[in-house]
Amino acid sequence: MTVGAYDLAQIQQLETDHQPPLYAKRAIALVRGEGPCLFDSDGRRYLDAMSNYGVAILGHADAEFAAALTEQLQTLATGHQSFYSDVRAELLREIAEIAPTGLKRYFLSNSGAEAVEAAIKFARVATGRPNLVAAKRGYHGRTLGALAATADQKYRAPFEPLAPNATHVSFNDVNALAAAVDDQTAAILLEPIQGEGGIWPASPEYLQSAREVATSRGALLIADEIQTGFRTGAPWAISASGVVPDILVTAKALGNGFPIGLTMCTEAISAAIPAGTHGTTFGASPLACRAAIVTLRALRERDFYARSAALGAALMERVAGIGSTKVRQVRGRGMMIGVELKERVTPTLRSLQERGVLVLPAGPTTLRLLPPLIWEEQQADEFIAAAESILR
Ligand SMILES: Cc1ncc(COP(=O)(O)O)c(C=O)c1O
């Protein structure tokens with residue numbers, strides 16, 4: 001058998017037989033993507049309102065992206081960071097153009113959790129302190145260090161004890177944060193908008209206060225923009241609060257589907273990291289860097305930041321305008337939208353999938369929309385028609 005020749009039952013059987021049972025799987029196999037759409041193994045079309053958890057920011061099978069990666073594959077795919085690379089150099093220049101002021105050093109890796117892992121290690125080395133303060137409902141990844149910062153017991157409990165030691169405080173509670181940070185805190189680690197936890201935006205005052213508390217107690221502020229990066233109408237969601245973190249991590253959308261993680265830090269933090277104490281074989285390969293270059297250029301040149309801010313705002317208004325008694329609250333920014341229901345979200349997710357729309361959950365009661373930024377009026381109309389028929 002070759003790829004493409006399997007039917008759904010055969011695909012399901014092989015995955016069930018050979019994978020650990022880690023995921024509650026939906027009963028379709030996605031085999032092809034085209035722009036804002038996905039297609040399953042029976043040829044059924046879906047509107048993609050999730051972009052693989054926020055990854056496929058330019059949609060699927062983007063011609064420019066595919067051509068650039070093909071060319072890079074035919075030129076040089078892999079290359080360790082102990083050698084210089086023209087493609088890596090160009091990506092670093094691109095990143096410098098969108099980096100928050102003062103974040104001048106960029107460590108490239110392969111995933112979100114790896115970007116968080118580097119951030120935690122850098123913060124511990126730079127401050128000489130062991131601990132983290134993070135937020136309840138916060139999500140930072142599944143490697144042991146990133147998992148220590150993740151709040152939900154569902155993810156943590158089976159793997160305890162975890163290092164490093166992380167205290168979890170109520171999100172958006174200035175006093176709780178101030179009370180938790182002490183002279184053993186290496187860093188405060190926060191998502192500017194909590195994604196996995198239910199699309200909860202941090203208030204600007206909370207982020208400003210986190211900045212002040214970190215600075216006054218000698219701790220660092222780490223912004224986790226792995227999910228928020230590039231989709232809230234600007235490269236970084238934290239910029240809206242005027243706060244500049246000491247470290248900013250991103251991943252997901254940066255490679256538009258090619259795995260890449262980025263940990264940005266200040267010169268001072270970078271200077272504190274001894275040579276040879278962190279690294280990765282695959283990170284910052286020419287192929288990964290090319291993927292990120294094409295993505296960043298497309299975001300800038302195709303005006304995606306302004307367009308997604310406007311489309312996201314209109315979409316939130318239209319969802320709220322459905323006037324469904326099932327909806328508790330609509331929140332988010334740009335193309336990161338949460339629709340909190342008064343009931344569990346799974347039946348609604350299922351109904352949307354049956355209507356040909358793929359949406360994610362975020363926590364038990366929130367529908368999470370992370371559409372590709374290539375959505376236009378037409379896709380918004382299609383989503384609203386489906387949502388209206390199900391939520392009314
Ligand atoms: C805010 C945040 N941090 C970290 C991660 C972990 O990223 P990855 O799954 O690439 O390891 C995620 C993934 O969902 C995330 O949303």
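Colleague: In which sense do β2 and β3 pair, parallel or antiparallel?
Modeller: This is a predicted model, where local features need pLDDT of at least 70 and side-chain atom pairs count only at pLDDT 80 or more, while totals for chains, interfaces and linings use all residues. Residues are numbered from 1 along each chain as its sequence is written, and side-chain values use heavy atoms, leaving out hydrogens and water. Strands are DSSP runs of E, at least two residues long, numbered from the N terminus, and two of them pair if DSSP finds at least two bridges between them. β2 (residues 37-40) and β3 (residues 45-48) have three bridges, and the sense is antiparallel.

Colleague: Which residue of β3 is the bridge partner of Phe39, and what is the phi of Gly43 in the turn?
Modeller: Phe39 is bridged to Arg45. The two strands make a hairpin with four residues between them, and the phi of Gly43 is positive, about 85°.

Colleague: Which residue in β15 stands opposite Asp48?
Modeller: β3 also runs parallel to β15 (residues 357-358), joined by two bridges. Opposite Asp48 you'll find Leu358.

Colleague: How much of the ligand's exposed area does the protein bury?
Modeller: Residues around the ligand (a heavy atom within 4 Å) include Tyr139, His140 and Glu191. For polar contacts (N or O pairs within 3.5 Å), a backbone atom of Gly112 lies 2.8 Å from a ligand oxygen, and the side chain of Asp224 is 2.7 Å from a ligand nitrogen. A polar side-chain atom of Lys252 sits 3.0 Å from a ligand oxygen. Alone, the ligand exposes 390 Å² (Shrake-Rupley, 1.4 Å probe), and the share buried by the protein is 83%.

Terms used
A polar contact is a pair of N or O atoms within 3.5 Å; within protein, one must be able to donate a hydrogen and the other to accept it, and residues adjacent in sequence count only if both atoms are side-chain atoms.
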